[in-house]
Amino acid sequence: MTFVYVQSNYYPFPWRARGGKWPTAKPGGKMAWLVVVALAFNAAALAFMFMSFLTTATLSATLLDVEPSNLTWLYSAGLVSIVAFTLPAQYLLVHHHQLASLLGMILMAMSGWARYIAATKGKFGWALGGFVCSGAAGAIVLSSYTTVSERYFPPSMRQAAVTVPIQANYAAWALVSVLTPAVATSTTSLTQMMFYQAIGISC
């Protein structure tokens with residue numbers, strides 16, 4: 001939600017525009033970099049959520065009452081959803097940029113809470129639904145790399161603006177592969193981690 005809030009202060013939503021015209025802001029200025037930082041956070045959160053069940057396969061399988069091999073369906077569902085929603089996401093980002101970002105953040109929050117419900121109720125279906133939401137949100141977040149850099153930065157700064165969220169995404173992949181097994185040592189701690197994850201992504 002921070003991503004949308006920052007953007008709305010840089011380029012307000014249509015109902016906040018005065019006289020039917022967008023207010024101007026300095027390309028590549030401080031607010032533009034805040035947009036990139038917010039996007040980087042969401043790119044990192046996306047990677048973290050994608051791997052949160054999969055890096056603790058034995059615990060997750062016990063928690064969701066499935067065989068460990070079935071967990072691969074979660075990752076597959078997320079990736080297929082990214083592919084399926086990429087073209088609609090790109091269209092929305094070009095023509096309704098902020099509304100697309102808002103939709104992406106809502107889907108991210110839904111994904112986080114679906115994972116927590118899956119952990120508390122032991123329902124694999126909730127986890128699967130959470131990964132589908134992650135994939136749909138991922139299509140928006142990953143497609144935002146280029147649209148944000150083009151929208152908020154001059155050509156000389158766009159490469160740097162794209163690099164930050166990309167590296168945040170990779171850093172989160174590396175972090176979750178180490179952090180989750182270290183923190184989630186039981187089904188109880190894994191459930192708690194899902195709760196804090198849902199809270200964090202909803203901010």
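Where in helix 6 is the kink of about 45° centred? The kink is centred on serine 144, the bend at a residue being the angle between axes fitted to the seven residues ending there and the seven starting there. This is a predicted model, in which local features need pLDDT of at least 70 and side-chain atom pairs count only at pLDDT 80 or more, while totals for chains, interfaces and linings use all residues. Residues are numbered from 1 along each chain as its sequence is written, and side-chain values use heavy atoms, with hydrogens and water left out.

The protein chain contains eight helices and zero strands; helices (H or I, at least four residues) and strands (E, at least two) are DSSP runs, numbered from the N terminus. Along the sequence the pattern is α-α-α-α-α-α-α-α. Of its 203 residues, 47% count as buried, where buried means under 20% relative accessible area, exposed over 50%, and partly exposed in between (1.4 Å probe, protein chains only). Among contacts with a separation of 6 or more, 79% come from residues 24 or more positions apart, a contact being heavy atoms within 4.5 Å.

Helix 6 has 29 residues and reaches 40 Å from its first C-alpha to its last, close to the 42 Å expected at 1.5 Å a residue; the expected span is 1.5 Å times one less than the number of residues. Helix 7 (residues 158-183), with 26 residues, reaches 37 Å, close to an expected 38 Å, and bends by about 30° at valine 176. Val176 also belongs to the buried residues of helix 7, which include Ala161, Pro165, Asn169 and Thr180. The cover over these buried residues includes helix 2 (30-51), helix 6 (124-152) and helix 8 (187-202).

Two packed helices are described by the angle between their axes and the distance between the axes. Here axes are lines fitted to C-alpha atoms, for helices over the stretch in contact, and angles run from 0 to 180 degrees between N-to-C directions. Helix 4 (residues 72-95) and helix 6 pack at about 40°, with axes 6 Å apart. That makes helix 4 oblique to helix 6, since angles under 35 degrees count as roughly parallel, over 145 as roughly antiparallel, 65 to 115 as roughly perpendicular and the rest as oblique. Their crossing is right-handed; a crossing is left-handed if the near helix is turned anticlockwise from the far one by less than a right angle, and right-handed if clockwise.

The loop between helix 3 (57-64) and helix 4 contains glutamate 67 and aspartate 65. Aspartate 65 has a positive phi of about 60° although it is not a glycine, and is exposed, with a relative accessible area of 68%. Glutamate 67 also counts as exposed, at 53% relative accessibility. Its C-alpha atom is separated by 9.1 Å from that of alanine 57, ten residues apart along the chain.
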